[in-house]
Amino acid sequence: MTNAPDTLASYLRDRRLRLDPAAFGFSGSRRRTPGLRREEVAQRANISPTWYTWLEQGRGGAPSADVLNRIATGLMLTEPERQHLFMLGLGHPPEARYRPVEGISPRLQRLLDAMETTPAIVRTATWDVVAWNCAACVVMTDYATLPPSERNILKLVFCNPRVRAAQQDFDGIARFVVAAFRADAARAGASVEITDLVSDLCARSPDFARLWNDNDVSLYGEGTKRLNHAVLGAIELEYSGFSVDGRPDLGLVVYNPVRHEDAERIRALVRERQRVALEQAAAS
């Protein structure tokens, strides 16, 4: 069996040997082995060459989180590789670091679009909606018609009169979303990033301010959402929340109609919307 230092040492050496010296401005001549030298990694990581050498030799004890982050930068590790480095070095993943979301992959959007009768959205840790499918537009909100700054679940629930009126149990929904939002933001390391959003919501909605000051937390998980839809009438949806693999800053939420007849009526609305869109595109 290999002990933890030896496993970390092996991983560091493997990542170092995969790097091209020329890509980092280091001479490639007179090298007996491929990859960067230990002192070059130490230079890029801004740590002592001796300390880095000890780590590759399985000596020196457990490195700090700061040292591991510096090494991850020096070795140009991807986010999954950085997380693995922390598991080897400290036995736990790194502290969450929030990063703004610029969009989702085409593959994930195709997954959303394949759900014809199932509304689905992708939201960030700050609960901005960054992707959706046609079913979500016809059942919940047409996000494409909103400015990006207003495509936020909390702003819609607390500040949009139409969305608020559609909730059959507004008080219960409001308390739940505030508690789940607080937990999501903290888990993703976005506590600083939500400061302006929380201030804005507190100023715009006394209900949000009251619930935020309660300091409740909750997991999103799964449950049931009941809406009073303008066309469908009373509709019941079972929702489930999923994390997006490799993207702790993103969450996929899927709303499945409980009744078959509701699913068929959602299908009809989706196809009507698509028909109108095709006609408008042909006319332009």
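Visitor: Why is N152 called buried?
Guide: This is a predicted model, and its relative accessible area for N152 is 0%. Buried means under 20%. The value of 0% falls under that cut-off, so N152 counts as buried.

Visitor: Where does N152 lie?
Guide: N152 lies in the loop between α7 (134–139) and α8 (153–159).

Visitor: Which residues is N152 in contact with, leaving aside its neighbours within four places in sequence?
Guide: T126, W127, D128 and L197.

Visitor: What makes the pair of N152 and K155 a polar contact?
Guide: A polar atom of the N152 side chain lies 3.2 Å from the backbone nitrogen of K155. The cut-off is 3.5 Å, between N or O atoms that can donate and accept a hydrogen. The distance is within it, so the pair counts.

Visitor: T126 came up as a neighbour of N152. Where is the place of T126?
Guide: T126 sits in the loop between β1 and β2.

Visitor: Is T126 buried or exposed?
Guide: Buried, because its relative accessibility is 7%. The cut-off is 20%.

Visitor: What joins the side chains of T126 and D128?
Guide: A polar contact of 3.1 Å.

Visitor: Which residue of β2 stands opposite I121?
Guide: W132.

Visitor: What is the phi of N46, and of N215?
Guide: N46 has a positive phi of about 60 degrees, although it is not a glycine. For N215, phi is near 60 degrees, also positive.

Visitor: Where are N46 and N215 found?
Guide: N46 is in the loop between α2 and α3 (49–56). N215 is in the loop between α12 (206–212) and β3 (222–229).

Visitor: Why do N46 and N215 count as exposed?
Guide: Exposed means over 50% relative accessible area. N46 stands at 58%, so it counts as exposed. N215 stands at 52%, so it also counts as exposed.

Visitor: Why is G103 called partly exposed?
Guide: Its relative accessible area is 29%. G103 lies in the loop between α5 and α6 (106–113).

Visitor: Why does R31 count as buried?
Guide: R31 has 18% relative accessibility. That is under 20%, so R31 counts as buried. Its place is the loop between α1 (4–17) and α2 (38–45).

Visitor: Which residues touch R31, leaving aside its neighbours within four places in sequence?
Guide: P21, F26, L36, R37 and E40. Contact means heavy atoms within 4.5 Å.

Visitor: Which residues touch the most other members of the largest nonpolar core?
Guide: I121 and F158, in a core of 46 residues. Helix α10 (residues 170–187) gives the largest share, 9 residues. Apart from this core lies another, of 21 residues, including V41, A45, I71 and L85.

Visitor: Why might nonpolar side chains group like this?
Guide: In soluble globular proteins, nonpolar side chains tend to be buried together.

Visitor: How do the axes of α4 and α5 cross?
Guide: The axes of α4 (residues 65–74) and α5 (residues 79–90) come within 10 Å and cross at roughly 145 degrees. The crossing is right-handed. The contact is made by A65, L68, N69, I71 and A72 of α4, and by R82, L85, F86, G89 and L90 of α5.

Methods
Residues numbered from 1 in each chain as written. Predicted model: local features only at pLDDT ≥ 70, side-chain atom pairs only at ≥ 80, totals over all residues. Heavy atoms only, no water. Pairing = 2+ DSSP bridges. Helix = DSSP H or I, 4+ residues; strand = E, 2+ residues; numbered from the N terminus. Buried < 20%, exposed > 50% of the residue type's maximum accessible area, 1.4 Å probe, protein only. Core = buried A, V, L, I, M, F, W, Y, C linked by side-chain atoms within 4.5 Å. Axes fitted to C-alpha atoms, helices over the stretch in contact; angles between N-to-C directions. Left-handed = near helix turned anticlockwise from the far one by under 90°.
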